[in-house]
Amino acid sequence: MNICIKQGYVIGNIQMNEQNVGWLNGLFGVVIFAGSLPATRIAVMGFSPEFITGARASIASILALFILWFFQAKPFKQNLPQRTDWIPLLIVAFGVVFGFPFFTALALEHISSARALVFVALLPLTTAIFGVLRSAERPSLPFWIFALLGSFFVMGFMLQGDQGHLLGPGDLLMILAIIVCGLSYAEGGRLAKTLGGWQVICWALVISLPLMLLLSFYYLPKQWSTVPISAYAGLLYVSLFSMLIGFFFWYKGLALGGIAKVGQIQLLQPFIGLVFSAIILGESVTLGMIAVSMAVMLCVLMAKRYT
C-alpha cells in the first residue's frame, strides 16, 4: 500500500516520487497486457471473435459495476462522472472495450500471436502522439529519438525472416487496433488525472455493458461441448486481467507518470508476450530476442531519463 508523503510515496522502506510510482504501475499493466494476445489466440480456437469481444467485456463490466457500487467512498449516484467526462469515456470504451479486442480477435484468425505482437511495438508511438494531441504534454527531442529507436528495434526483430511478406487482412486489422488503442490509452490517461485510474476503466465498461451483452448473446456458441477448456481459460484471462485489472495499474501509471512517457514501457510488451507465447503456445525464445530486449530496455530507460 502506498502512503503519500507530500509529493512522494513510500513503498516498503523506499521513498519514490510520483513519476516513478507511475512507471512502476505502468510496468505492472504492461506485464498483464502482454498475455492478452496469446490468451486471445487460445480463445479464438473455441469461440468466434465477436463472442469473445462481447463476452470478455460483459464479464468485466459486471465486475466493474460491482466495484463502483461497493467500493466508492460516496453513494453510487453521487459518484457519477461529470458531464464533460462522458465523451472521453465513450472514446475509451470504443477503443479498449470494443475496438482493440474486436480487431485483434479478428486479426488472430489470420495471423499468429507472434506476428500480431509486431504491431504492438507501434503502440508506444501512437500513445505518445495522441498524448501530445489530447493533452499539454510536450516530450523533449531526445525522448522522441529513443522512442523511435526502441520501436525500430522491436519492429526490426519481429519482422526478421518475413521479408517479402505483404500486408494481409490480419496485418491491416492489427494496424487499426493499434490506432484506436493508442487514442483510448491517451484519452483514458488524461481522464484518470481527475476521475481516477480504476474509475475510468470501470465506467467505460459499464456504459458498454448493454451493447456487449447483446453481442455476446447474438454470437453464443451453438455447440458448447466442442469448445476446449483452454478456450475458456483464454476467455477468462482476457476478461479479468486484460479487460479490467490491467487497466487499474495502466491508467494510474499514465496519470502519474505522463501519457507519452509511461507509454514507452509498452516497448517491452512484445517480448514479454513472446515469453508467454513460448510458455503457453510452445514458441521458441531465441538469443536474438534476449539481445533486442536488452536494447529496448535501454531505450526505455533513456527515454525516461530525458522526460
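Leaving aside neighbours within four places in sequence, with which residues is Gly-182 in contact? In the model, Gly-182 is in contact with Leu-123, Thr-126, Thr-127 and Phe-130, where contact means heavy atoms within 4.5 Å. The model is predicted, with local features needing pLDDT of at least 70, side-chain atom pairs counted only at pLDDT 80 or more, and totals for chains, interfaces and linings using all residues. Residues are numbered from 1 along each chain as its sequence is written, and side-chain values use heavy atoms, with hydrogens and water left out.

The chain contains 13 helices and 3 strands, taken as DSSP runs numbered from the N terminus (helices H or I, at least four residues; strands E, at least two). Of its 307 residues, 55% are buried, the term meaning under 20% relative accessible area, against over 50% for exposed and partly exposed in between (1.4 Å probe, protein chains only). Among contacts between residues at least 6 apart in sequence, 87% join residues at least 24 apart.

Gly-182 lies in helix 8 and is buried, with a relative accessible area of 0%. Its C-alpha atom is separated by 9.1 Å from that of Val-96, 86 residues apart along the chain. Helix 8 (residues 169–195) packs with helix 6 (residues 123–134) at an angle of about 50°, their axes being 8 Å apart. Helix 6 is therefore oblique to helix 8; angles under 35 degrees count as roughly parallel, over 145 as roughly antiparallel, 65 to 115 as roughly perpendicular and the rest as oblique. Axes are lines fitted to C-alpha atoms, for helices over the stretch in contact, and angles run from 0 to 180 degrees between N-to-C directions. On the helix 6 side, the residues that meet helix 8 are Leu-123, Thr-126, Thr-127, Phe-130, Gly-131 and Arg-134. Their counterparts in helix 8 include Ile-178, Cys-181, Gly-182, Tyr-185 and Arg-190.

All 8 of the 8 residues of helix 5 (residues 113–120) are buried, among them Arg-115, Leu-117 and Val-120. Gln-269, found in helix 12 (residues 269–281), is also buried, at 6% relative accessibility. Leaving aside neighbours within four places in sequence, Gln-269 is in contact with Leu-117 and Val-120, as well as with Val-30, Phe-33 and Ala-34.
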